[in-house]
Amino acid sequence: MKIGIVCYPTFGGSGVVATELGKALAQKGHQVHFITYTQPVRLNFFNENLFFHAVYVANYPLFQYPPYELSLTSKIVDVIKYEKLDLLHVHYAIPHASAAYMAKQILRTQGIEIPVITTLHGTDITLVGKDASFEPVVTFSINESDGVSTVSQSLKDDTYRHFAINKDIEVIPNFIDLERFKKLEKSHFKKAICPNDEKVLTHTSNFRKVKRIQDVLAVFAEVHKVLPSKLLLVGDGPERINMEKLARDMDIADDVRFLGKLDAVEEVLSISDVFLMPSETESFGLAALEAMACEVPVISSNAGGIPELNVHGFSGFISQVGDIEDMVKNTLHILQSEHLSQFKANALARAREFDLSAILPRYEAFYEKVLASLLV
Ligand code: GMT
């Protein structure tokens, strides 16, 4: 099949999922064309089935806001027409689903029919998408997609709750490449960070308010009073500066390392004992799945789709959003428990259920289903 993928190319979860999906499809023999404004972060090698088409936005003094969506639409039209794609798969509704709709209409005037699948990832529904400034366009473009999928049942429920959707939604959970995400031998790194064999707590995110990094620091501060420990924070974003200040104010800064945007997050996870995800909203929690694949149990909130991934008392523990006391209790239970190694093994066992090899066929089957539905 010849498949076009539109996504955000940077470090966000939706872009990572879209890129890994495209790479896996290409490895299975499909031809995959990425259409986005810069080379996706994880698309940094050559494969004869992978193509990248950059979207350039012409600037002009009149434009206070350069019209990315129009340039994207024109590029989609161009790629579908000249590469003769069979299907377009867009990740994250805004503005990809509406650009896809417009491209579909333009191509129709030229006698080309292109099926469009939209995968919703989270904030395009739960945060940004339902804002009145986007809602009518998001509702329309979801309803006009030929196939719609979400990365969790919780996100599917939220989509029906927040928007007037008249389409069936397929749930296809996120996946993990266990070849890449696995516990690595990094004892030299562990020794450098933890000279006294301290426990390591880790958090990875884009440092947005919705991640509640203040809760990560609050949990760590309490655990740190009881157990010699270090906190590793991977990622960057608007909240980082506030969190650096908070760590200093809480007098824990010496044991907190802000590592910035690391691509090799599996190296950090390989020396971690517990992963913290106290998010306010989270459609799936890909970062937690990456941790589990590296044998790191997860202390999380119960937001959104996280309970579909993290199994309470097995791969980690789940608390109400903001319940620091419970998260501290659970973290200490895991770290002090003689069952720590069992929790680590359980985390990996749970991650295996989301192995790429199990989820990829579900996307392929969904593509086939959507294509077949258009033939009747
Ligand atoms: O977490 C973010 O803010 C990034 C965001 C994205 O779209 O890039 O992540 C969302 O999609 C990921 C991949 O499907 C999910 O694992 C994340 O849970 C989801 N984030 C939220 O719902 C907040």
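Domain bounds, as I use them in these entries, come from an automatic or database domain assignment. I keep in mind throughout that the structure is a predicted model.

**Entry 1: the ligand and its shell**

With those bounds in hand, I looked up where the residues around the ligand come from, and found that domain 1 (2-175 + 356-373) and domain 2 (187-352) each contribute at least three residues to the shell. Of the 18 residues around the ligand, I noted that His121, Asn174, Lys211, Glu282 and Ser283 come nearest. Among the elements, helix H1 gives the most to this shell, with three residues. Sorting the shell by class, I counted five nonpolar residues, 11 polar ones and two charged ones.

Glu282, already listed among the nearest residues, places a polar side-chain atom 2.5 Å from an oxygen atom of the ligand. The backbone also takes part in the list: a polar backbone atom of Phe284 is 3.1 Å from an oxygen atom of the ligand, and for Gly285 the distance from a polar backbone atom to a ligand oxygen atom is 3.0 Å. Taken alone, the ligand exposes 480 Å², and I recorded that the protein buries 93% of that area.

**Entry 2: the second largest pocket**

Next I looked up the second largest pocket, whose volume comes to about 310 Å³. It is lined by 17 residues, of which Glu20, Lys23, Asp177, Arg180 and Leu356 are the closest to its centre. Which helices each supply at least two residues of this lining? I found helix H1 (13-27), helix H11 (286-293) and helix H14 (356-375), and H1 gives the most, with six residues. By class, the pocket lining divides into nine nonpolar residues, one polar residue and seven charged residues.

**Entry 3: the largest cavity**

I asked how many cavities of 30 Å³ or more the structure holds, and the search returned one. The largest cavity contains about 30 Å³ of space. Its lining is made by Ala97, Ala100, Tyr101, Lys104, Val116, Ser141, Glu144 and Ser145. Helix H3 (93-108) and helix H5 (135-144) are the elements that give two or more residues to this lining, and the largest share, four residues, comes from H3. The classes here are four nonpolar, two polar and two charged residues.

**Entry 4: backbone details**

Pro95 itself is found in helix H3, the helix that gives the largest share of the lining of the largest cavity.

I also looked up Lys84, where phi is near 55 degrees, a positive value in a residue other than glycine. Is Lys84 in a loop or in a helix? I placed Lys84 in the loop between helix H2 (68-83) and strand S4 (87-91).

Terms used. Residues are numbered from 1 along each chain as its sequence is written. This is a predicted model: local features need pLDDT of at least 70, side-chain atom pairs count only at pLDDT 80 or more; totals for chains, interfaces and linings use all residues. Side-chain values use heavy atoms; hydrogens and water are left out. On a 1 Å grid over the protein atoms alone, a cavity is a set of points where a 1.4 Å probe fits but cannot get out, and a pocket is an open set with protein on both sides within 12 Å along at least five of seven lines; lining residues have an atom within 4 Å of a point. Grid points are joined across faces, edges and corners, and a volume is the space filled by probe spheres set on the points. Ala, Val, Leu, Ile, Met, Phe, Trp, Tyr, Cys and Pro count as nonpolar, Asp, Glu, Lys and Arg as charged, and the others, Gly among them, as polar. A residue is near a molecule or strand if one of its heavy atoms lies within 4 Å of it. A polar contact is a pair of N or O atoms within 3.5 Å; within protein, one must be able to donate a hydrogen and the other to accept it, and residues adjacent in sequence count only if both atoms are side-chain atoms. Accessible areas come from the Shrake-Rupley method with a 1.4 Å probe; for residues, only the protein chains shown count as cover.
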